[in-house]
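Me: Could you walk me through this structure step by step? I am new to reading models like this one.

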Amino acid sequence: MVESGGCEAAEAASKPTGAGTQGTVSSLLRVAEEMERQETRLISEDALQQLIREDASIRWLEKFELGGRSLLNRNSDRAFRFSHYILQEFLLAWGIVNEKLNELEQIRATDQLVYFIVLAQHFGQGRPHVKISAILDFSFFNDRDQRGS
């Protein structure tokens, strides 16, 4: 006879630490932020491994199968990219409105990133005192395709 909740406890114990919804978003945000800081839409396998070594909260990504049809896809050079740039922008916007970015230097503004932030603030999400102009660099605003798609 199996006790009630026994299967759930075993399933939870087998999941990597930090791999819940919040952990997943935070880990992907860390990857998106690193890509943005490096001004690229790709992160090499070595760079991703380095990020995992530096940040204990995302170590579970080592056990997570990336590639195929997922949020992060591996290309033929074994580099990773988000399946669409809009996912990277959404994660950055989430990190901005919830004050979850690791670094304080500005992030390049895009029309979609600004839209996500304004929309979140309009619906009362995140911190109301976040000032977009202090976080975003508007010098390349609307130059969405500067780094390729």
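Me: Is D55 buried or exposed?
Reply: Keep in mind that this is a predicted model. The relative accessible area of D55 is 17%. Because the cut-off for a buried residue is under 20%, D55 counts as buried.

Me: Which residue does D55 meet in a salt bridge, and at what N to O distance?
Reply: The side chain of D55 pairs with an arginine from a distant part of the chain: D55 sits in the loop between helix 3 and strand 1, while its partner R30 is in helix 2, 25 residues apart. The salt bridge joins D55 to R30, and the distance from N to O is 3.4 Å.

Me: Where does E34 lie relative to R30, and how far apart are their closest N and O atoms?
Reply: Both residues belong to helix 2, which covers residues 21-37. E34 and R30 are four residues apart there, about one turn of the helix. They form a salt bridge, with the closest N and O atoms separated by 3.8 Å.

Me: Are E34 and R30 buried or exposed?
Reply: E34 has a relative accessible area of 18%, and R30 has a relative accessibility of 11%. The limit for this class is under 20%. So E34 is buried, and R30 likewise counts as buried.

Me: What links R78 and E45, and at what distance?
Reply: Their side chains meet in a salt bridge. R78 is in the loop between strand 1 and strand 2, whereas E45 is in helix 3, so this pair ties together parts that are 33 residues apart in sequence. Going from N to O, the distance is 2.9 Å.

Me: Are R78 and E45 buried, partly exposed or exposed?
Reply: R78 has a relative accessibility of 41%, and E45 has a relative accessible area of 25%.

Me: Which residues of helix 5 are buried?
Reply: Helix 5 runs over residues 111-122 and reaches 16 Å from its first C-alpha to its last, close to the expected 16 Å. Its buried residues have cover that includes helix 4, strand 3, helix 6 and strand 4. Those buried residues are Q112, L113, V114, F116, I117 and A120.

Me: Which residues make a nonpolar surface patch, and what is its area?
Reply: One of its members, Y115, is found in helix 5. Y115 is partly exposed, since its relative accessible area is 48%. Together, Y115, L119 and F123 make a patch of about 320 Å².

Me: Is I107 buried or exposed, and which residues does it contact beyond its neighbours within four places in sequence?
Reply: I107 is found in strand 3. Because its relative accessibility is 1%, I107 counts as buried. Leaving aside those neighbours, I107 is in contact with E36, R37, L92, L101, L113, I135, L136 and D137.

Me: Where is E39, and what is its phi?
Reply: E39 is placed in the loop between helix 2 and helix 3. With a relative accessible area of 58%, E39 is exposed. Its phi is positive in a residue other than glycine, near 55 degrees.

How values were computed
Residues are numbered from 1 along each chain as its sequence is written. This is a predicted model: local features need pLDDT of at least 70, side-chain atom pairs count only at pLDDT 80 or more; totals for chains, interfaces and linings use all residues. Side-chain values use heavy atoms; hydrogens and water are left out. Helices (H or I, at least four residues) and strands (E, at least two) are DSSP runs, numbered from the N terminus. Buried means under 20% relative accessible area, exposed over 50%, partly exposed in between (1.4 Å probe, protein chains only). Contact means heavy atoms within 4.5 Å. A salt bridge is a side-chain nitrogen of Lys or Arg within 4 Å of a carboxyl oxygen of Asp or Glu. The expected span of a helix is 1.5 Å times one less than its number of residues. Patches are made of residues with over 30% relative accessible area and no salt bridge: like charges are joined within 9 Å, nonpolar side chains (Val, Leu, Ile, Met, Phe, Trp, Tyr) within 5 Å. Accessible areas come from the Shrake-Rupley method with a 1.4 Å probe; for residues, only the protein chains shown count as cover.
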